[in-house]
Amino acid sequence: MTATQWRTVLVDADLVNVVAAVDVAVERLAVVEHMTKAEVGRGLFGMLDGLLSSYRRARRVSTDVRRFVPPDELAEQAVILFELQSALRDLTQAAIDWVVAGAGVLHSLMSSQLRLRVHNLVGALVEEGSGPPASEDVFERSLGLSEATLTAGDGHSYQSRILVEWGSQQVALDERLFSQLPHLLDPAVQLTSKVRVHAASLLAVPHCLPAHAAAVAGHALVVRALSDRREIALAAIADGANDESAMWFTHRRRVAAIEAFNAASHTEDKVVPACDMYFAVLEGDVSRTAGTVLRLLGRNVEPDMTLGRTEQDLACETKESMCQLLRSCIDTEWRNAIAHDQVRWDARSQRMLMRGKTVTPDEVARVTSLARDVCAGFETGVAVALNHAGNPNHNPSTVVDSTAWDSHAMRELGARGVSVLGYRRVGAELQLDVPPLDSGSLLPVFRAVFDVSSSIPEDLSWVIGQDGRPDIIVEATTLDTAADVVRSVGDSVHAVAVDAGALVLCAGALAKHGVSRAAMANTVAGLAAATVVGERNRLKTRALLDEANGRTDLTQTIVLIEHAVRAAAKITGVPELDAFAQLLSEQVAQHRMFDNNANPFRQIDHARRPISLASFPWLSSTTPQSGPV
């Protein structure tokens with residue numbers, strides 16, 4: 001973790017006040033020497049219970065903090081924290097011993113080295129951990145990834161960018177997750193793309209302590225709910241997935257408020273964006289998360305249940321840590337003051353007045369950030385628990401929210417190596433912005449679009465934009481045609497099926513762009529030839545051992561690519577492609593497919609050569625002249 005994250009852990013733990021409560025409890029025991037025997041009998045045990053309660057809380061909090069490892073530059077803090085735990089134990093034990101030995105001994109030791117040691121250790125934690133925030137790359141520190149790369153785009157498409165990075169170093173990055181999240185992940189369970197995104201994001205949150213606590217609590221809650229009330233639990237989770245459009249709206253409101261907050265020149269200018277971000281997260285993320293939590297606990301949650309009623313229900317679940325975490329995020333006085341325009345600004349104190357409470361804009365922003373991290377932690381815990389349970393929620397028919405499918409598309413594109421910088425829906429179009437493509441990354445985009453579109457239950461056209469270059473337009477009808485081609489030959493050659501689908505998509509995009517017939521004929525035939533020849537070369541070794549099976553596989557490939565070329569001919573209106581499809585068909589009758597001397601694929605191999613970068617108008621900022629179509 002970064003130094004800033006570590007400092008935030010100390011602040012969120014409220015360690016200073018937690019330790020001070022132990023010291024106060026010890027000091028209260030000093031009055032024992034002035035008590036009568038009757039007063040001692042009535043009050044001493046209550047004071048001892050108070051001391052033990054304060055100590056147990058301090059031990060629990062410090063243990064939670066010690067689950068995190070400070071960065072190298074603050075490594076001494078881990079040692080200080082360990083010594084603080086020991087000092088608190090020694091102080092508590094000594095105080096009890098003093099009482100047993102007699103009040104006079106207790107009084108004489110009130111300013112003992114033990115209390116001084118505790119005080120000094122807490123001071124060392126606060127002093128060393130309160131330096132100016134460093135400029136740190138949280139993803140670099142936790143995962144070894146560049147934050148600039150991962151944040152170069154909007155928040156929703158971030159999923160694609162991180163999974164692109166994962167594709168090149170999956171084993172190493174999975175190991176990082178397992179080593180840093182042993183309280184959440186089981187190395188025996190295969191990670192999914194969704195879990196990887198959630199877990200990686202959890203490592204990057206500002207408020208690690210409550211976020212990780214929420215992840216653990218959410219995981220435990222889902223495990224229990226799946227065991228005790230499985231159908232209710234799955235329904236609650238499915239409803240959450242179908243509310244992703246609202247989550248996205250809340251996210252955008254919060255981001256806009258944060259930008260305005262950070263741009264403010266004066267403290268007073270932060271008031272409105274601070275209120276906006278708190279209200280959006282409270283009524284959005286916190287309210288939705290609380291509703292899911294209460295349903296997982298078996299409670300009935302009305303669709304229009306107020307936040308006040310939600311808080312009351314959370315308060316009733318005194319033994320459920322997730323409920324207590326959510327309650328810590330809710331201040332109904334703040335919420336009502338914002339909702340009813342009852343926020344006032346005190347220029348003298350530079351503080352906001354909200355129904356009798358005073359607070360700074362920075363404090364409101366901090367609570368908002370903490371609340372969002374608690375909700376994000378819960379979402380991570382849910383994803384991990386479902387994955388451990390075999391993902392019983394994977395029922396596409398239950399998901400109707402378009403933003404949920406867009407999230408699915410972002411993850412699937414990233415898993416296939418396509419990095420997305422931004423996306424939006426306009427009517428029946430899914431518009432993507434991607435980094436500049438080259439000859440090595442263009443065809444993988446077509447393959448990914450074909451593969452991913454088949455898993456989305458909507459007929460969408462895809463518009464892929466690059467800065468300063470023409471758009472790549474893949475119409476929904478082209479996608480349907482490509483799917484028909486693959487269905488016509490079954491699923492026995494899936495790897496080549498994606499290539500065939502990409503071939504049809506490329507032909508449709510070329511036609512939509514308006515390139516010349518000659519360019520379309522050369523490009524499509526060249527891509528088809530490259531696929532067939534590439535498969536023939538790949539299958540040569542197998543054919544040496546089993547020519548019959550090798551011949552069968554190659555025949556299926558040729559038939560599939562032939563169908564794809566015929567579909568491309570129909571889309572583009574280029575008759576030369578029909579002729580090339582016929583040439584492919586004739587190869588099926590060849591009995592010596594793998595004979596190097598006879599080389600029956602000479603004509604097909606020749607078709608690969610006309611392809612050049614100029615064949616693809618999307619690889620340059622200058623659009624080539626279009627010929628007649």
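Ala-204 is in contact with Gln-5, Val-138 and Phe-139, once its neighbours within four places in sequence are set aside. The residue belongs to helix α11. Glu-140 is 64 residues from Ala-204 in sequence, yet the two C-alpha atoms lie 9.9 Å apart in space. The model is predicted.

**Helix pairs**

| Pair | Residue ranges | Angle | Axis separation |
|---|---|---|---|
| α9 and α11 | 158–168 and 193–204 | about 100° | 10 Å |
| α14 and α20 | 244–263 and 402–415 | about 80° | 6 Å |
| α15 and α16 | 271–296 and 307–316 | about 40° | 10 Å |

Start with α11, the helix that holds Ala-204. Its packing angle with α9 is about 100°. The two helices are therefore roughly perpendicular. On the α9 side, the contact uses Tyr-158, Gln-159, Ile-162, Leu-163 and Trp-166. On the α11 side, Ser-193, Arg-196, Val-197, Ala-200 and Ser-201 take part. By class, this contact has 6 nonpolar, 3 polar and 1 charged residues.

Next come α14 and α20. Their axes are 6 Å apart, and the angle is about 80°. So α14 is roughly perpendicular to α20. Glu-244, Ser-245 and Trp-248 make the contact from α14. From α20 come Ser-402, Thr-403, Ala-404 and Ser-407.

How are α15 and α16 oriented to each other? Helix α15 packs on helix α16 at about 40°. The pair is therefore oblique. Their crossing is left-handed. Helix α15 brings Leu-282, Glu-283, Ser-287, Ala-290 and Leu-294 to the contact. Helix α16 brings Leu-307, Thr-310, Asp-313 and Leu-314. Of the contact residues, 5 are nonpolar, 2 polar and 2 charged.

**The second largest pocket**

How much space lies in the second largest pocket? The volume is about 830 Å³. Its lining is made of 24 residues. Asp-64, Leu-209, Pro-210, Ala-213 and Leu-325 are the ones nearest the centre of this pocket.

Which helices each supply at least two lining residues? They are α1 (3–13), α3 (37–66), α12 (208–228), α17 (321–327) and α19 (361–388). Helix α12 gives the largest share, 6 residues. By class, the lining holds 12 nonpolar, 5 polar and 7 charged residues.

**In brief**

Ala-204 of α11 touches Gln-5, Val-138 and Phe-139 beyond its sequence neighbours within four places. The α15 and α16 crossing is left-handed. The second largest pocket draws the largest share of its lining from α12, and Asp-64 is among the residues nearest its centre.

Note on methods
Residues are numbered from 1 along each chain as its sequence is written. This is a predicted model: local features need pLDDT of at least 70, side-chain atom pairs count only at pLDDT 80 or more; totals for chains, interfaces and linings use all residues. Side-chain values use heavy atoms; hydrogens and water are left out. On a 1 Å grid over the protein atoms alone, a cavity is a set of points where a 1.4 Å probe fits but cannot get out, and a pocket is an open set with protein on both sides within 12 Å along at least five of seven lines; lining residues have an atom within 4 Å of a point. Grid points are joined across faces, edges and corners, and a volume is the space filled by probe spheres set on the points. Helices (H or I, at least four residues) and strands (E, at least two) are DSSP runs, numbered from the N terminus. Ala, Val, Leu, Ile, Met, Phe, Trp, Tyr, Cys and Pro count as nonpolar, Asp, Glu, Lys and Arg as charged, and the others, Gly among them, as polar. Axes are lines fitted to C-alpha atoms, for helices over the stretch in contact, and angles run from 0 to 180 degrees between N-to-C directions. Angles under 35 degrees count as roughly parallel, over 145 as roughly antiparallel, 65 to 115 as roughly perpendicular and the rest as oblique. A crossing is left-handed if the near helix is turned anticlockwise from the far one by less than a right angle, and right-handed if clockwise. Contact means heavy atoms within 4.5 Å.
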